[in-house]
Amino acid sequence: MALSSPGGFETVIGLEVHAQLKTRSKMFCSCRADYQSAPPNSAVCPVCLGMPGSLPVVNRKAVEHTIATGLALNCRIAHLTKFDRKNYPYPDLMKGYQISQYDMPIASDGSLEIEIDGGKLPVGVTRVHLEEDVAKLQHVREPDGELYSLVDVNRSGVPLMEIVSCPDLRSPEQARRYLTTLRAILQCLDVTTGSMEEGSFRCDANVSIRPAGSQDLMTRAEVKNMNSFRSVFNALTYEVERQKALVSDGGRVVQETRGWVEERGVTVSQRTKEHAHDYRYFPEPDIPELVLNAPWVEEIRAALPELPARRRDRFAAQYGLPVADAGLLTARKATADFFEEALASKGAGDAPTDRRAKALSNWLLGDVARLLNVGRLTIEESKLKPRHLSELVDLIESGTLSSTLAKTVLQNSFETGRPPSRIAQDDGWALITDSNLVEESVRQAISQNAKAVDDYLRGKETAAKFLVGQVMRITKGKANPAVVIDLVERQLGALQKHNGRV
Ligand code: ZN
Ligand code: MN
């Protein structure tokens, strides 16, 4: 591609994230907020239907979630905040305006540190404010070609938190990392479910390019309609290339809103500047200004959980885990909590903490993660309890289970919720450590495999391994391997002596 800018182009991306907040009721009324599980248009009232004369009341929990988010993102929390009306006509907006925040957001001037390419990049957070979600439209095309739209007002008035970043991101990969880091923080704070698929975590991106080295902000396009991290990455990659090609051909980027079309892998123009909204913001007259007093803010700060990046560093330092593993364990708060609870749950035959930590981490990131994935479950939804995994690790440590048998026991515990010790005992999975029983199997293996024995006696030491394998087969894998190796070597040694070859 011929570049009109000799040094090439630099990508400039800023992100706006909308996160639905986890509250029991909606933002300005007492309707239930879990609209997804309610029949269409059942979780509604005059306030969220936008009836004239109805009055909004602010949801305290939503304000607290936004303050917590602001604090976690190193923002300044406003002492005084207010709500404003953002006016635009669209059928999903019941009142004809959205109650949002214009010039006095709850939180502003923060930053979020992302880790990328082995380094750390601080990304500015312009503001975090509170608003309400809109109703949901479903566009229908009947087989006879008739077109119409259905409206479900359940989502109208659900608390929505908007987080706006500075245009500090320089690549689609950085944008994706910012989003995953941000979502992990919000989920750790337990303020949102953070599901992009369900629309509780949505992202719009402002994208522009400029000659490398320039500090100017050029005309940008806003990209919408991305409903997964992968879509964001693909849409931004496409949009950046589109702008580069356009400018290289002597064209100009125009200010517009573009929608990502997943099936075609392209962004298409939806609305140009001439059709941009004039929102005519003005203060919401039905809601008084809100004072966020210092004791309240400090109370929320004191209750903040340990955030993922810090917890990862602590896991690595305290438990001697590789940073990458610690990062995976702490990506979700529930997984990190499960790990620490399992580690704290002491059984008999405990290994040193570092060794137990490594073993628990390996099981969690390996077999448990696989089982969760197959069952499409989260760790908190599964029947496996921290003390169960702790037990499993102890059973291996004490030699009661081989790691192969432990996999089977884990799967059973995962499916039934029974403790591994009981499964091992009741279902006969525990290793046979009774050397009389194992000795009998060794004798059997030796008498059935004359050739291997002969090979061994002629100096082929690998033949002993074969015999160990045969014993494991005879005992259906339940013999303690250490005991088997010991006995096979002893019986072969006795034969060797007998043959006078020692
Ligand atoms: Zn309502
Ligand atoms: Mn918004």
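Colleague: Is Cys-31 buried or exposed, and how do you know?

Modeller: Buried means under 20% relative accessible area, exposed means over 50%, and partly exposed lies in between, with a 1.4 Å probe and protein chains only. Cys-31 has a relative accessible area of 9%, so it is buried.

Colleague: What sort of model is this, and what are the ground rules?

Modeller: It is a predicted model: local features need pLDDT of at least 70, side-chain atom pairs count only at pLDDT 80 or more, and totals for chains, interfaces and linings use all residues. Residues are numbered from 1 along each chain as its sequence is written, chains are lettered from A and ligands numbered from 1 in the order in which they are written, and side-chain values use heavy atoms, with hydrogens and water left out.

Colleague: How many disulfides does the structure hold?

Modeller: A disulfide needs a pair of cysteine sulfur atoms within 2.5 Å. The structure holds zero of them. Take Cys-75: the nearest cysteine sulfur, that of Cys-166, is 9.8 Å away. Cys-75 is also buried, at a relative accessible area of 11%.

Colleague: Where does Cys-29 lie, and what is in contact with it?

Modeller: Cys-29 lies in the loop between S1 and H1. Those labels are DSSP runs numbered from the N terminus: helices are H or I with at least four residues, strands are E with at least two. Contact means heavy atoms within 4.5 Å. Beyond its neighbours within four places in sequence, Cys-29 is in contact with Cys-45, Val-47, Cys-48 and Val-57. At 11% relative accessibility, Cys-29 is buried.

Colleague: Which strands form the open sheet, and which are the edge strands?

Modeller: Nine strands form it, in the order S2-S6-S7-S10-S1-S11-S12-S13-S14, with mixed pairing. Strand S2 (76-77) and strand S14 (266-272) are the edge strands, as each pairs on one side only. Helix H1 (residues 60-72) packs on the sheet, touching S2, strand S6 (107-116), S7 and S10.

Colleague: How many residues of S13 are buried?

Modeller: Six of its six, which makes S13 mostly covered. Glu-256, Arg-258 and Trp-260 are buried on one side, and Thr-257, Gly-259 and Val-261 on the other.

Colleague: What makes a set of residues a nonpolar core?

Modeller: The members are buried Ala, Val, Leu, Ile, Met, Phe, Trp, Tyr and Cys residues joined through side-chain atoms within 4.5 Å. The largest such core has 63 residues, and Ile-67, Ile-163 and Tyr-178 have the most contacts inside it. Helix H2 (residues 172-189) gives the most to this core, with seven residues. A second, separate core has 33 residues, among them Ala-316, Leu-360, Trp-363 and Val-409.

Colleague: How many residues lie between S8 and S9 in their hairpin?

Modeller: Five, and Gly-145 in the turn has a positive phi of about 95°. Six bridges join strand S8 (residues 136-141) to strand S9 (residues 147-152), and the two run antiparallel. One bridge pairs Gln-138 with Leu-150.

How values were computed: Pairing = 2+ DSSP bridges. Axes fitted to C-alpha atoms, helices over the stretch in contact; angles between N-to-C directions.
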